[in-house]
Amino acid sequence: MTTKRGEKQPKTGRTDAKKGEKMVQKAKKVTINYFSRGEFKEKSIDILDIYAIIHKGRYAKRVAELRSDYLALLTNHDSTMMPENQIEGIHTLPEVRLPAGMVLLPVPTSSIQQLEQLRKRVALFPQTMMAFQSVGGNRLLVVMCFERTDGTLPSEDREVALFQQYAYRRAADFLLASTGMKAEEADEVVNQTFFVSSDANAIWNAQLTPIRMEQPMEELTEKTATIIQEAASEPMVQDVLPGYSQLEMDILKFNAICRKLSFKRKRPIDEYLLTVAHACHQAGIDQEVATKCLLNVGDYWEKEVLIRSTMDNAYQKHRMGMVNPIDSSLMYQQLMKDFLKRRYLFRRNVVTGDVEYQEKGRYITSWRPLTEEARNDINNAAIDEGIKVWPKDMDRYIGSSRVDDYDPVRQWMNSLPEWDGRDRLGEMADRVPTKLNDWRNHFKVWMRAMVSQWTSGAGRMYGAQMVMMFVGAQGTRKSTFMRMILPPELQPFYIDRIDFSNKKEALRALSRFLLINIDEYDQVSKAQTAYLKHLIQRTDVKERKMYETTYQQMQRYAAFCATTNSLSPLKDETGSRRYMVVEVTDVIDTNMQGEHAIDYPQLYAQIKEEIRRGEETYFDGERERMIIENGTEYYELPNVISIFCDKFKKPADDDEILTLTPTEILVYIRDTWRIDLVNQSNAVFLGNYLRREGFEKGSGEKRRKYLISRVLEE
């Protein structure tokens with residue numbers, strides 16, 4: 001078309017395209033509002049610069065303060081999620097407004113682990129421009145890019161609004177389908193904003209591939225949203241579930257259609273019939289099957305002519321099999337379950353709490369822990385078979401009651417032979433040279449207590465509450481003997497390194513290990529000794545797992561032993577009755593070659609038989625008294641007691657007697673030898689020692705004072 005000189009040419013599509021291209025060039029520019037010198041200012045900046053600010057943590061200190069306030073706000077309101085704009089002072093951070101073509105998806109997460117997993121997933125999407133942790137800390141903000149099919153962006157206000165509406169919905173649906181995480185609904189999808197955060201792990205995609213879509217021409221409604229979702233979804237891998245025939249699948253689809261219609265408003269019979277007929281045709285159900293199913297519905301059993309004519313009309317008028325009424329997620333769930341049952345075996349180790357797996361059809365089969373790598377291998381194998389499955393779907397199956405429990409301890413104990421009558425338990429004790437009286441029988445009781453705890457189950461009134469402690473010179477093979485106690489099959493449940501300062505992990509060890517060796521016991525601090533005393537006396541383990549509200553009661557398996565080179569390892573007199581101190585006087589026999597080998601099945605068969613006969617499985621009063629008496633020489637005496645023992649003794653017949661209170665004794669030491677020990681703590685220690693050692697007291701007014709005499713100095 002030609003025009004005269006001076007006449008204004010009409011707008012063309014090419015003009016719109018050029019305008020759109022200019023919009024694309026501006027797409028990387030965002031608007032930032034910030035507070036400076038007492039007023040709010042606005043400027044245009046490249047979004048890559050925004051990423052650099054977030055990644056390098058320019059506002060890290062301020063964000064950390066606001067994040068702390070936000071977490072306190074959530075705690076006070078007993079909430080897990082709250083709009084971040086309610087954080088007081090958040091508006092002091094710069095606020096970024098995104099242009100057309102960029103969509104911001106705020107995705108709530110329940111933990112930092114979930115946030116990091118989501119970050120890794122979205123980092124793989126070529127459409128992701130940027131992702132970072134929000135100011136509040138419990139959301140991942142994902143920025144995705146869109147453009148029209150011709151590579152341009154809309155410029156008119158209405159086109160921009162429609163484009164952003166559809167882009168946000170498509171991005172949210174894509175994220176949900178790809179990760180299983182749902183983005184928050186956006187109040188405003190045009191000119192979306194966010195506050196500048198701080199995140200050293202923020203991701204940036206330099207090889208960005210925008211999502212292309214046609215320019216929408218009508219408002220986003222439920223109907224158009226459904227079209228978007230169907231266009232983005234993938235077709236079913238197959239239309240028949242494992243173990244189902246085509247006829248059974250058709251009936252299952254018919255039932256699904258009826259169930260969905262039952263949730264809608266009640267319709268007249270004729271309208272309901274037309275709806276069902278159309279839905280059956282769309283679902284690909286065989287016409288005769290659908291007809292017979294309808295004939296069995298109470299309202300239609302005498303109206304065969306009506307039903308058949310309606311079905312003929314529905315099935316001949318349109319293309320068949322466009323919609324599956326059974327939810328695609330249900331189909332894939334069934335396919336996944338069949339895949340897992342067909343190719344793998346799973347079991348849950350009740351001692352460790354871990355799931356183990358074994359692949360079927362292997363020449364060499366063995367149970368292996370289900371690590372993160374193994375999960376990914378199984379997930380990839382399912383995808384290779386055409387099964388659309390996400391890791392969370394498999395975790396849901398594996399974490400359910402469909403996986404049987406497996407107790408390796410009970411299984412090994414149940415496989416033991418009958419005892420042949422040889423006293424291998426006594427022979428095991430004889431390997432340890434010691435001066436402890438009745439050591440053989442003490443060791444037998446300790447071993448029976450340990451094994452009885454394995455097989456008694458949760459709810460046991462008494463646990464293995466005696467710690468067998470070996471003291472002696474270095475190189476006497478104390479730790480080696482402790483390791484020899486368990487058979488090779490149960491060695492994975494032996495541990496000699498526990499951090500008692502981490503109380504949660506120490507408590508969990510009671511149900512995850514059979515024997516806990518406190519190696520180098522003298523290195524355990526007094527503060528840790530108090531908690532160790534609590535652990536020794538526990539009969540079960542009650543634990544609340546992360547993000548759960550209920551406590552689970554688990555069986556305690558662990559017995560305790562200890563080794564040390566110190567000859568004064570006992571620190572706490574109130575808890576030392578739980579320690580059977582065994583002073584090793586020579587090198588322990590740890591030879592397990594030839595005739596010295598330990599027949600573990602017979603050794604534990606003897607223990608099992610003795611428990612069945614009713615032999616002692618705990619230390620009674622008499623044995624406990626002997627152990628306490630033996631342990632007195634292994635106490636780590638406080639300094640005040642050592643000095644008292646050096647200077648004083650119980651009076652003899654011809655000794656000069658002093659009648660003093662514990663405090664007066666400390667004053668006497670200070671005045672005589674210039675050793676100042678006078679304080680309340682030392683007075684209590686000394687008083688307890690005098691009473692325990694049986695020092696006599698005075699009479700009358702001196703009934704609170706003890707009778708002592710000085711040790712004559714040469």
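Predicted model: local features only at pLDDT ≥ 70, side-chain atom pairs only at ≥ 80, totals over all residues.
Q: How much space lies in the second largest cavity, and which residues line it?
A: The second largest cavity holds about 30 Å³ of space, and its lining consists of Met-336, Phe-339, Leu-340, Ile-378, Asn-379, Ala-382, Val-389 and Met-394. Helix 11 (328-343) and helix 12 (372-384) each contribute at least two residues to that lining.

Q: Why is helix 23 called roughly perpendicular to helix 24?
A: Helix 23 (residues 662-673) and helix 24 (residues 680-692) pack with their axes 8 Å apart and at an angle of about 115°. Because angles of 65 to 115 degrees count as roughly perpendicular, helix 23 is described as roughly perpendicular to helix 24. The crossing of these two helices is right-handed.

Q: Which residues make the contact of helix 23 with helix 24?
A: Helix 23 brings Pro-662, Thr-663, Ile-665 and Leu-666, while helix 24 brings Asn-682, Ala-683, Leu-686, Gly-687 and Leu-690. By class, that contact has six nonpolar, three polar and no charged residues, with Gly counted as polar.

Q: Why are helix 22 and helix 24 called oblique to each other?
A: The axes of helix 22 (residues 639-647) and helix 24 cross at roughly 55° and come within 9 Å. Angles under 35 degrees count as roughly parallel and those of 65 to 115 as roughly perpendicular, and helix 22 and helix 24 are therefore oblique to each other. Helix 22 passes helix 24 in a right-handed crossing.

Q: Which residues make the contact of helix 22 with helix 24?
A: Val-640, Ile-641, Phe-644 and Cys-645 of helix 22 meet Asn-682, Phe-685, Leu-686, Tyr-689 and Leu-690 of helix 24. The residues of this contact divide into eight nonpolar, one polar and no charged, with Cys and Tyr counted as nonpolar.

Terms used: Residues numbered from 1 in each chain as written. Heavy atoms only, no water. Axes fitted to C-alpha atoms, helices over the stretch in contact; angles between N-to-C directions. Helix = DSSP H or I, 4+ residues; strand = E, 2+ residues; numbered from the N terminus. Parallel < 35°, antiparallel > 145°, perpendicular 65-115°, else oblique. Left-handed = near helix turned anticlockwise from the far one by under 90°. Contact = heavy atoms within 4.5 Å. 1 Å grid on protein atoms, 1.4 Å probe; cavity = no way out; pocket = protein on both sides within 12 Å on 5 of 7 lines; lining within 4 Å. Points joined across faces, edges and corners; volume = space filled by probe spheres on them.
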